[in-house]
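The following exercises concern the arrangement of two protein chains. Please study the sequence and the structure before reading each solution.

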Protein chains: 2
Amino acid sequence: MALLFATGNPHKVEQVAASLDRPVIQTTIDLPEIQAVDVRDVIEEKTRAAFGMVKQPVLVEDTSLAFHAWNGLPGALIKWFLDGVGNEGLCKMLSTYEDRRATAETCIGCFDGRAFIVFTGSVEGQITMHPRGERGFGWDPIFQPSGSEKTFAEMSAEEAAPFNMRKLAALQLKTYLNSPDR
Amino acid sequence: MALLFATGNPHKVEQVAASLDRPVIQTTIDLPEIQAVDVRDVIEEKTRAAFGMVKQPVLVEDTSLAFHAWNGLPGALIKWFLDGVGNEGLCKMLSTYEDRRATAETCIGCFDGRAFIVFTGSVEGQITMHPRGERGFGWDPIFQPSGSEKTFAEMSAEEAAPFNMRKLAALQLKTYLNSPDR
């Protein structure tokens, strides 16, 4: 059975579909986004709202970037930081902090009208001193995963694959969907 | 007629009541807070939701602190910054920026089931190098309004009165409530 995925970003649909063994259909609906730093707090409300609109099982995804020195900020609020100061600004705001570690996390929420489940994939890394690289989108130019000398924006698709936190979350979703107990 | 004010903060009720010529009754209800930097985007949804719960004319207030160097951040997201890094952290994040100007803004939303109106009071100032003073709450120790050498947290109630952006918004609300055309 095909799964609906509520997102405005076709790249995310491709990435999730590549990890599942069933079709994924993009739906662009406008979802409420409550204020929270923890992406798990945001995702449940969005997923339930999406189900209320499409009336069938639906996926919603949200990604967060948590700076350790800032106790989790920007977290799920990352897009507002990017809108406000951009990647260069984020590097500058962090420049007086020694600890540049960050956790990138993707949550995929799944709601079928009865059960809400959230699948999380996360990758540790650090924030670079300045943006580097032209590939990808969002904060890819400033996040360098642990074990790599390159930022996401400097990596080819093959180089980035082992660090893909969206794929990690999607693989858990696949296991759940194929579980015989479900 | 008494007005309901949906807020968890009794100090805000006192401040608004002092500017109006009618009783203001606090109601503590849990309101949805959508993600936005501009406080005006947050307030309408909250006010309409509050009316849906209390079924009578209701006020909702939200305050934002916008740093010029950050293009409006933290704005309405200020409470997440305070939770994450506190006032000292905000000063530190801004320490590599020369422009320390900030705009403090209070919006009071009013909805009576027909019309939604928002009243705004704002005060210009700057963010101090470090928190100063023990009075007030929230970001009061780091905001020094233009025309004063003191932060809000260093001022007596009398000293702070001319810079009270909540009062400025409440006075506009009073004018509206007493308007014969209403």
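This is a predicted model: local features need pLDDT of at least 70, side-chain atom pairs count only at pLDDT 80 or more; totals for chains, interfaces and linings use all residues.

**Exercise 1.** Determine which rotation superposes chain B on chain A, and state how the two copies are related.

*Solution.* Step 1: Chain B is superposed on chain A by a rotation of 180°, with 0.0 Å of shift along the axis and an RMSD of 0.0 Å. Step 2: The two copies are therefore related as by a two-fold rotation axis. Step 3: Both copies use the same surface, since 100% of the contact residues of chain B recur in chain A.

**Exercise 2.** Describe the interface of chain B and chain A by its contacts and its buried area.

*Solution.* Step 1: In chain B, 22 residues are in contact with 22 residues of chain A. Step 2: The two chains bury about 2100 Å² between them, and 62% of this area lies on carbon and sulfur atoms. Step 3: Of the area that chain B buries against chain A, 34% is supplied by B:Gln35, B:Trp80 and B:Met93, more than by any other three residues. Step 4: Helix H3 (residues 78-93) of chain B gives the most to the side that touches chain A, with eight residues.

Step 1: Twelve residue pairs are in polar contact across the interface, whereas the count of salt bridges between the chains is zero.

**Exercise 3.** Identify the residues with the most contacts inside the largest nonpolar core.

*Solution.* Step 1: This core has 62 residues. Step 2: The residues with the most contacts inside it are A:Trp70, A:Phe81, B:Trp70 and B:Phe81. Step 3: Leaving aside neighbours within four places in sequence, A:Trp70 is in contact with residues including A:Phe81 and A:Leu90, as well as B:Gly84, B:Val85 and B:Met93.

Terms used:
Residues are numbered from 1 along each chain as its sequence is written. Chains are lettered from A and ligands numbered from 1 in the order in which they are written. Side-chain values use heavy atoms; hydrogens and water are left out. Copies are superposed by least squares on the C-alpha atoms of residues with pLDDT of at least 70 in both. Contact means heavy atoms within 4.5 Å. A nonpolar core is a set of buried Ala, Val, Leu, Ile, Met, Phe, Trp, Tyr and Cys residues joined through side-chain atoms within 4.5 Å. Buried means under 20% relative accessible area, exposed over 50%, partly exposed in between (1.4 Å probe, protein chains only). Buried area is the accessible area (1.4 Å probe) that two parts lose on being put together, summed over both. A salt bridge is a side-chain nitrogen of Lys or Arg within 4 Å of a carboxyl oxygen of Asp or Glu. A polar contact is a pair of N or O atoms within 3.5 Å; within protein, one must be able to donate a hydrogen and the other to accept it, and residues adjacent in sequence count only if both atoms are side-chain atoms. Helices (H or I, at least four residues) and strands (E, at least two) are DSSP runs, numbered from the N terminus.
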